[in-house]
Amino acid sequence: MVEHLRPGAHAKGARVCLFDFDGTISLIRSGWMDVMVPMMVETLLDLKTGESEADLRTVVEGFVWRLTGKQTMYQMIAFADEIAKRGGTPLDPLEYKKQYLELLHARIHHRLEELRQQRVSPEKYLVPGARALVEALRERGLRLYLASGTDQQYMREEAELLDMARYFDGRVYGALDDYKAFSKKILIRQLIANSEFDGAEFLGFGDGYVEIENIKEVGGVAVGVATAEPECRTVDEWKRQRLAGVGADFIIPNFLCRDELLHALFPNGQ
């Protein structure tokens, strides 16, 4: 189940581990692209540029995927730019973000209520095997960070509802109103600048372009979680190609391959 894209890659020297949240740990927001992309395509179609719906979908999916893992605002800024390119007058990107979040909330509200009322186990909305893998890395002594492009107030609540926040000892970070003030890249650079860790001591897990690229930029080891949501039993080939393209060292469909993955990351038990 573990695909080795770079033979010889390992994380024997890792001291810190950065996890993306949505799609890597949490499935609460599974299907978010099915909300965001149609919203954007519909608006671009209304500009009547002569482009087909399929052509516009390709454009939108391209920049949405490229920015996945960054704060949602960046996708909305790119969306506003596409409107302007086509002669339209875009709203403030924050307005598009509000529209998107309202649509997304309508889709996931019942999931949050199930968890808040404890009518389902948190495991229902976790990528399979995520808890055991996080526990194993914590037991190895790695310092764990959880970071997301989702607004911090929401992702922290969702991490609590999934009973995952406790593994990170308060190191849970999401998007801020000042979207330039925090990113996964900023977090990594701060940890290196503070001399807490060297870049090669980073291990990262993510299902998006951004976190994989950020980890590889500093010389860390990156595991691409290319899971086909919502079942999360097989590799999504579309995700796999993009994660491999930005340097993922390993590709997995979920964390049920924990023992195999740990052996690959820490050969000979090191």
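**Group meeting: sheet and helix packing in a predicted model**

Let me begin with strand β2, residues 16–20, and strand β3, residues 143–151, which pair in the parallel sense over five bridges, where pairing requires that DSSP finds at least two bridges between two strands, and where helices (H or I, at least four residues) and strands (E, at least two) are DSSP runs numbered from the N terminus. Within that pairing, Leu 144 of β3 is the bridge partner of Cys 17.

Residues are numbered from 1 along each chain as its sequence is written, and side-chain values use heavy atoms, with hydrogens and water left out.

Now the sheet as a whole: seven strands form an open sheet with mixed pairing, in the order β1-β7-β6-β5-β2-β3-β4. Its edge strands are β1 (3–4) and β4 (172–175), each of which pairs on one side only. Helix α7 packs on this sheet, touching β2, β3, β4 and β5 (202–206), and its direction makes about 150 degrees with that of β3; contact here means heavy atoms within 4.5 Å, and axes are lines fitted to C-alpha atoms, for helices over the stretch in contact, with angles running from 0 to 180 degrees between N-to-C directions. Helix α9, residues 237–245, lies across β1, β5, β6 (221–225) and β7 (250–252), and runs at about 160 degrees to β7.

Turning to helix against helix, α7 (residues 184–193) and α8 (residues 209–217) pack at an angle of about 25 degrees, with their axes 9 Å apart. That makes α7 roughly parallel to α8, since angles under 35 degrees count as roughly parallel, over 145 as roughly antiparallel, 65 to 115 as roughly perpendicular and the rest as oblique. From α7 the contact is made by Lys 184, Lys 185 and Ile 188, and from α8 by Glu 211, Asn 214, Ile 215 and Glu 217.

Finally, a loop: Arg 119 sits between α4 (93–116) and α5 (130–139). Leaving aside its neighbours within four places in sequence, Arg 119 is in contact with Glu 113 and Glu 114. From Arg 119 to Gly 224 there are 105 residues in sequence and 31 Å in space, C-alpha to C-alpha.

In total, the protein has 10 helices and seven strands, and its C-alpha atoms fill a box of roughly 60 × 40 × 35 Å, taken along the principal axes.

Notes
This is a predicted model: local features need pLDDT of at least 70, side-chain atom pairs count only at pLDDT 80 or more; totals for chains, interfaces and linings use all residues.
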